[in-house]
Amino acid sequence: MRRGTNLPWVGDYNQAVVLDGIRRHPGTSRTELAAATGLTLQTVSNIVRRLLDRGLVQEGVPAGVQGSLAPVRTRGGGKPRTALSVRPGQALAVGVQFEREHVDAVLLDLSGELLSSVREQLPDPTGPAASVRPAVGHATHAVRRLVQDSGCADAVLGVGVAAPGPIDFTGPVRSSAINLPGWRGVAIADLLADSTGLPVLVENDATAAAVGDLWRSPRVGRSFLYLHVGAGIGGGVVVRDEVLRGESGNAGEVGHVVVEPDGPACSCGARGCLEAVAAPVAVVRRYGERVGAAAARAAGLRLAEHTVLDDHDRLELLARDGDAVADEELARAAGAVARAVLGVVNVVDVSEVVLGGGGLRRTGERVREAVRRGLGVAMTRDVHPVTVRSGEAGELAGALGAASAVLHEALSSTWTGVHVPDREIVISPVAPVH
């Protein structure tokens, strides 16, 4: 569990620490919280009282819930310590994730439980800015539907948005997502705040996925790379529970690490970027070029903007059935991912690599094996192992992460407006509000 401080001026932080401990370890007691956080028992008791008054936690643990810090022991006289857990349904957040062909939205509660989700299919873009308006409209519809169906509209604290980068956080948050046609300087936070009437937090999609994996895990002190593969490729890096954000908040652009110096041109302007070599859209395009459009369609590919992930799935099935071209292109992509991951692991010294996103629905095992093999020469291999696993959230990782960030920030600081915290410096182990 994170350590707190007994200095009075960081009371908000202490409250976040205690609430996070109860959330991660349902069944823990006040005494155990004090021992784990380093706070005095009186400080913990005061914070718990405030959390009880706000209805965020409850005494007792719902049936079937596991995860306490330690068994709830009894005192010398036999009186059991009071177990604590978060109260379901009292703090909710919506997470929205934009992809090329659809918008995913989820409703999450403070315990990390996914309450509901909805997917809105997007039309195939037909103009340079055609994708922005329908995407925002579908996202707004999805948010309203989840809030209305929840029956707890007053408990919804805000909307988290996971969008591909780069994102400009210097003023009104603007997304210039390379992988979304027509997205150049889109003020996505303001647009959704205006259309939904809720506070909005915007995050890079891969970083959001990393935040979600971190926030929903009972473990602390984790260092990992989250590799998110959608139509494009991005990364989120966490070191000892701290998200690496970089100078502008756009750290983790693994998709634009050069893996083939003489490789294909990338939309960012460079050549041989991981995204240009290994992203689903690049793999599908190369397959079509090698076998011809007619043969690709005959093999079941549709070769449209909004079917890239489905076509990518189809290539894995074709490879398993003996299609040599499909197998070669997927193997080239997996090898490129492994090289990029090795470079990141060597630079930031993480102990986990988490793979997620819709681009790995069918090819996940192929990529996992390539990454595992590639990490066999990691510089730290004799110091500590590096595990490779698939993220539990799957395609919803970005949306769940964006919702998690809203819950964390809304309950550990004060929002005074759209995506703006009340204090200049946000003390946060997860994701500062932008």
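Reader: How much of the chain is buried?
Author: In this predicted model, buried residues make up 55% of the 434 residues in the chain.

Reader: And what does the secondary structure come to?
Author: The chain comes to 13 helices and 16 strands, and, among its contacts with a separation of 6 or more, 65% are accounted for by residues 24 or more positions apart.

Reader: Switching to helices, at what angle do H11 and H12 cross?
Author: The axes of H11, which covers residues 324–348, and H12, which covers residues 364–374, cross at roughly 45 degrees and come within 8 Å. The two helices are therefore oblique to each other, and H11 passes H12 in a right-handed crossing.

Reader: Which residues meet there?
Author: On the H11 side they include Leu330, Ala334, Val337 and Val341, and these belong to a group that meets residues of H12, among them Val367, Ala370 and Val371. The residues of this contact between H11 and H12 divide into 10 nonpolar, 1 polar and 2 charged.

Reader: New topic: how many disulfides does a search of the whole structure find?
Author: The search finds 0 disulfides. Cys268, for instance, is in no disulfide, and the nearest cysteine sulfur, that of Cys266, is 3.7 Å away, whereas a disulfide needs the pair of sulfur atoms within 2.5 Å.

Reader: Is Cys268 buried, exposed or partly exposed, and what is its relative accessible area?
Author: Cys268 is partly exposed, with a relative accessible area of 39%.

Reader: Why does Cys152 count as partly exposed?
Author: Cys152 counts as partly exposed because its relative accessibility is 31%, which lies between the 20% under which a residue is buried and the 50% over which a residue is exposed.

Definitions and conventions. Residues are numbered from 1 along each chain as its sequence is written. This is a predicted model: local features need pLDDT of at least 70, side-chain atom pairs count only at pLDDT 80 or more; totals for chains, interfaces and linings use all residues. Side-chain values use heavy atoms; hydrogens and water are left out. Buried means under 20% relative accessible area, exposed over 50%, partly exposed in between (1.4 Å probe, protein chains only). Axes are lines fitted to C-alpha atoms, for helices over the stretch in contact, and angles run from 0 to 180 degrees between N-to-C directions. Helices (H or I, at least four residues) and strands (E, at least two) are DSSP runs, numbered from the N terminus. Angles under 35 degrees count as roughly parallel, over 145 as roughly antiparallel, 65 to 115 as roughly perpendicular and the rest as oblique. A crossing is left-handed if the near helix is turned anticlockwise from the far one by less than a right angle, and right-handed if clockwise. Contact means heavy atoms within 4.5 Å. Ala, Val, Leu, Ile, Met, Phe, Trp, Tyr, Cys and Pro count as nonpolar, Asp, Glu, Lys and Arg as charged, and the others, Gly among them, as polar.
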